[in-house]
Amino acid sequence: MIPSKRTYLLLLFGIAIALSTSMIWNVKTSIVITLIFDAIVLTLMVVDSLRAKLYRVQITRTLPPRLSIGRDNPVVLTITSKNRPVEIQICDRPPTEFKLTQPILTTSLASNTTSELTYTVSPTKRGEFDYGDIQVRQLGSWRLSWDDFKIYCSQKVKVYPDLLGLKNLSIRLTLQSSGALRKMRILGIGTEFRELRDYGKGDDLRLIDWKATARRDRPLIRVLEPEQEQTLIILLDRGRLMTAQVQGLKRFDWGLNATLALALAGLNRGDLVGVGVFDRQMHLWIPPDRGQHQLSHLIDRLTPIHPVLLESDYMGAVTNVVQQQTRRALVVLITDIVDGTASAELLAAMGRLAPRYLPFCVTLGDRQVEEIAHTPTQNVTATYTRAVALDLLSQRQLAFAKLKQKGVLVLDATCDRISEQIVDRYLQLKARNQL
């Protein structure tokens, strides 16, 4: 039971009564009158609280079966009132690792009605967490007290990588497959033969099949499509550099989201997709496979992994790929670069992959460093900070230049855009048949 604002106002009004009656009667009489008034107010408050308990609302919580890290996940509270209108305040108890948009929800319901309140939570860590009980305050019908009670509905919740982003990406890839892929087939972009069709105005003369044209007595062209069943290997670094926090998430989490997004794109295009997670040694190796089951397998195996404070062995990871994968493949390594000297082993390892494989180095940049580097300064401290940021960016660019000299493809993108850009770059490589 918690007194409402109306109760406090009435108690203050009792003080005003005491002051006014003291001018008419003596002080003792005014005190007695005030105490009687306060006693009546407090008694009514207790009765109001007891009556409110008889009409407590019922609340159920509905969570998504899988929460996505770094995303706004909707949580729905279903509230049912009884025979009286109610005014309530709700305080849900998500795990401390979750960012909550609305700590306290307030609503009013008519009698015998059901309503839904929705708020969002944004997890900052993956794993299993305890979602707590719901604390409720319900205002009595006389508005003198709040009935404070708890709804016991604690439950276990699991936080996965960015599954909402994967869902949106899957829709986009499906639309592209029905449009862009058909266009590539018409233009003859690709290496695998699909079918013959009649020559049309504007078609490439080099695609004419002269033997078929002679047999059918009309010009026919070969329709080609991008090669299927190519191999995509993704190496995800979980070493020291990936433990840094960027925009609310660890670099490893951003890299994990990009890994799954790229794997989805590869599986959608019919490629074999394999993933390796490494630090000082190869921590996890998932052999290349195709199909929707491979994506589910990747999500289940990768979700429990977290970064560690160990130096990464890039050469060991690349050597493992060379031993496991004899067929030519696109090898994508997701990591970070500090400078050319500190990343000398990375440069040597990626250079070893070319030209047998197609090496692709993806690094996760920090938008805050770029903003500091490009923001004019007004004082000495800010100037030094900007100089350090500019030096970091120049060192990264030097390292990228060395990678490109070794025949390595390079993508440097900010963490919040890495998934989108890595998929777009992969689709470009497929369209150009660079693999």
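**View A. Strand S21, with buried residues on both faces.** In this predicted model, Leu 358, Phe 360, Val 362 and Leu 364 point one way from S21, while Pro 359, Cys 361, Thr 363 and Gly 365 point the other way. All are buried, that is, under 20% relative accessible area; over 50% counts as exposed and anything in between as partly exposed (1.4 Å probe, protein chains only). Strand S21 covers residues 358–365, and eight of its eight residues are buried. In a regular strand, side chains alternate between the two faces of the sheet. Strands are DSSP runs of E with at least two residues, helices are runs of H or I with at least four, and both are numbered from the N terminus.

Residues are numbered from 1 along each chain as its sequence is written, and side-chain values use heavy atoms, with hydrogens and water left out. The model is predicted: local features need pLDDT of at least 70, side-chain atom pairs count only at pLDDT 80 or more, and totals for chains, interfaces and linings use all residues.

**View B. The parallel partners of S21.** Strand S20 (residues 330–335) pairs with S21 in the parallel sense over six bridges. Two strands pair if DSSP finds at least two bridges between them. Val 331 stands opposite Pro 359 in S21. Strand S22 (residues 409–414) also pairs with S21 in the parallel sense, over six bridges. Here Leu 364 stands opposite Ala 413 in S22.

**View C. An open antiparallel sheet of five strands.** The strand order is S1-S11-S10-S5-S7, and the pairing is antiparallel. Strand S1 (2–3) and strand S7 (105–109) stand at the edges, each with a single partner strand, so one side of each has no neighbour in the sheet. Inside the order, strand S5 (residues 86–91) is joined to S10 by four bridges. Cys 91 stands opposite Gln 135 in S10.

**View D. An open sheet of three strands.** Its order is S3-S12-S9, with mixed pairing. Strand S3 (67–68) and strand S9 (127–131) are the edges, each with a single partner strand, so one side of each is left without a neighbour in the sheet. S9 and strand S12 (residues 155–160) pair in the antiparallel sense over five bridges. Asp 130 stands opposite Lys 156 in S12.

View E. A cavity is a set of points on a 1 Å grid over the protein atoms alone where a 1.4 Å probe fits but cannot get out; lining residues have an atom within 4 Å of a point. Two cavities of 30 Å³ or more are counted. Helix H2 (27–53) and strand S10 (134–139) are the elements that give two or more residues. H2 gives the most, with three.

**View F. Helix H2.** H2 has 27 residues and reaches 39 Å from its first C-alpha to its last. That is close to the 39 Å expected at 1.5 Å a residue, taken as 1.5 Å times one less than the number of residues. Its buried residues include Thr 34, Asp 38, Val 41, Met 45 and Asp 48.

**View G. The second largest cavity.** This cavity has a volume of about 30 Å³. Gln 230, Leu 330, Tyr 426, Leu 429, Lys 430 and Leu 435 line it. Helix H11 (residues 418–431) gives the most to the lining, with three residues.

Definitions and conventions:
On a 1 Å grid over the protein atoms alone, a cavity is a set of points where a 1.4 Å probe fits but cannot get out, and a pocket is an open set with protein on both sides within 12 Å along at least five of seven lines; lining residues have an atom within 4 Å of a point. Grid points are joined across faces, edges and corners, and a volume is the space filled by probe spheres set on the points.
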